[in-house]
Amino acid sequence: MKTGFTRQLKPFLDAVAEKMELYVPKKAGEHYIYTKYDPSAEEPVELNNIRTCPTVKEFLFPICELAAIFPEPAEPEQVKPFAVFGLKDCDLRSIEILDKVFTEEEFLDPLYLSRRQNMLVISSDCFEPGENCFCNLCGGQPFAQSGFDLNVSGITDGFIVEAGSQKGQDFIEKHSQLFSDVTDALLAKRDENRAETQKQLEENNAKYQLDVPIKEIVENSQDSDIFDAEAKSCVECQGCTRICPTCHCFYLYDTRQKDYFAKMKMWDSCMRQAYAEVAGGENPRKVLGDRVKHRLLHKFVYFLERYGLEMCVGCGRCIDTCAGGTDTRDVLKKLNEELKDKDKKKAKVAK
């Protein structure tokens with residue numbers, strides 16, 4: 001795949017915006033949000049050091065949308081081509097997970113698919129991971145290797161733009177005047193930056209290193225009291241599932257308009273008490289600790305068994321947003337230590 005070097009981001013972003021709507025990161029307090037790109041704006045676009053606060057999920061799977069109408073069938077909304085700039089490796093892996101859910105042949109979601117097919121994915125390297133980022137514990141890294149159309153790597157003198165798909169390849173070829181050749185020295189500097197960021201990420205999470213795969217820890221801890229203990233600080237705000245880039249639960253509800261009935265599709269949360277309630281009022285997860293446990297089982301066990309992927313990308317957004325101060329890394333570490341203690345006791349008994 002082609003690569004190119006540019007000293008400024010603006011000509012590159014302008015070229016993208018000529019063909020489609022472009023969304024770029026913007027600093028808002030301590031976090032980044034997405035805003036529509038304005039080529040005439042004097043303020044330059046900032047290359048975000050870490051993932052934004054809002055997730056890419058919102059571009060593909062809106063919080064609320066019209067799913068169907070009666071009596072006449074609803075025509076799918078015409079989605080115009082759009083691009084999202086500044087996505088990180090954790091965002092790309094979350095798209096891969098959502099693709100598994102919404103684009104399987106048996107359960108193909110035309111609303112999701114229409115947005116996905118019209119999206120240009122422009123990722124960028126992380127260079128200052130946040131204190132709650134833990135992608136390295138979930139098989140990720142602070143730079144993208146796949147899943148992007150174009151990837152931007154910031155270096156001292158400018159930016160390396162790399163194509164990761166045919167769409168990205170076509171863009172670089174059609175706008176060759178924007179780019180110069182990428183030398184070995186530039187690639188070496190990019191690799192050096194990536195290694196430094198990887199080292200920083202590993203240092204930040206050194207105390208959370210686990211002895212066995214997360215799946216084994218969670219799956220073998222279903223009788224642990226740790227889930228109930230963690231639930232004591234949970235205020236059931238559902239922030240962890242709302243901000244998560246991979247949570248995809250939704251519910252359908254009907255609403256009456258002037259001359260038709262509409263079926264709406266809205267995000268739901270497995271942390272909500274009534275989520276698992278069935279007809280007659282029975283609820284297999286009425287206890288909050290059971291819901292805390294189910295969420296981790298879904299992330300690290302159930303989804304992995306069905307699709308071959310863990311459903312957690314380690315972006316750390318759930319830690320950022322938790323009103324009760326729960327840190328997923330702490331929970332996993334506690335479960336890991338508890339299992340180690342049980343194994344030691346079993347070994348002593350066996351002797």
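I took two strands as paired if DSSP finds at least two bridges between them. Helices (H or I, at least four residues) and strands (E, at least two) are DSSP runs, numbered from the N terminus.

**Entry 1. Basis.** I worked from a predicted model, in which local features need pLDDT of at least 70 and side-chain atom pairs count only at pLDDT 80 or more, while totals for chains, interfaces and linings use all residues. Residues are numbered from 1 along each chain as its sequence is written, and side-chain values use heavy atoms, with hydrogens and water left out.

**Entry 2. Strands 9, 10 and 4.** I looked up the partners of strand 10 (residues 261-267). Strand 9 (residues 250-256) runs antiparallel to strand 10, and seven bridges join them. I noted that Tyr251 has Met266 in strand 10 as its bridge partner. Four residues lie between strand 9 and strand 10 in the hairpin that they form. Strand 4 (residues 64-70) is also antiparallel to strand 10, through six bridges; here Leu66 is partnered by Met264.

Entry 3. I read the strand order of an open sheet of seven strands as 1-8-7-6-5-2-3, with mixed pairing. Its edge strands, each pairing on one side only, are strand 1 (3-6) and strand 3 (31-36). The twist averages 25 degrees from one strand to the next; axes are lines fitted to C-alpha atoms, for helices over the stretch in contact, and angles run from 0 to 180 degrees between N-to-C directions. Helix 3 packs on the sheet, touching strand 5 and strand 6, and its direction makes about 145 degrees with that of strand 6. Strand 7 (residues 150-155) pairs with strand 8 (residues 158-163) in the antiparallel sense over six bridges, and Asn151 has Glu162 as its partner in strand 8.

**Entry 4. Helix 6.** I found helix 6 lying across strand 1, strand 7 and strand 8, at about 85 degrees to strand 7. Thr197 lies in this helix (residues 184-204). Thr197 counts as buried because its relative accessibility is 3%; buried means under 20% relative accessible area, exposed over 50%, partly exposed in between (1.4 Å probe, protein chains only). Leaving aside neighbours within four places in sequence, I list Cys126, Phe127, Pro129 and Pro142 as contacts of Thr197, a contact being heavy atoms within 4.5 Å.

Entry 5. A nonpolar core is a set of buried Ala, Val, Leu, Ile, Met, Phe, Trp, Tyr and Cys residues joined through side-chain atoms within 4.5 Å. The largest has 31 residues, and Leu87, Ile95 and Met119 have the most contacts inside it. Helix 3 gives the largest share of this core, seven residues. Not counting residues up to four places away in sequence, Ile95 touches Val56, Leu60, Leu87, Tyr112, Arg116, Met119 and Val121.

**Entry 6. Aromatic pairs.** I recorded eleven aromatic pairs in the structure. Rings of Phe, Tyr and Trp (its six-membered ring) pair if their centres lie within 6.5 Å; planes under 30 degrees apart count as stacked, over 60 as edge-to-face and the rest as tilted. Tyr23 and Phe59 form a tilted pair, 5.2 Å centre to centre with 55 degrees between the planes. Phe59 and Phe82 form a stacked pair, 6.2 Å centre to centre with 20 degrees between the planes. Ring pairs also link Phe61, Phe102, Tyr112, Phe250 and Trp267 into a cluster.
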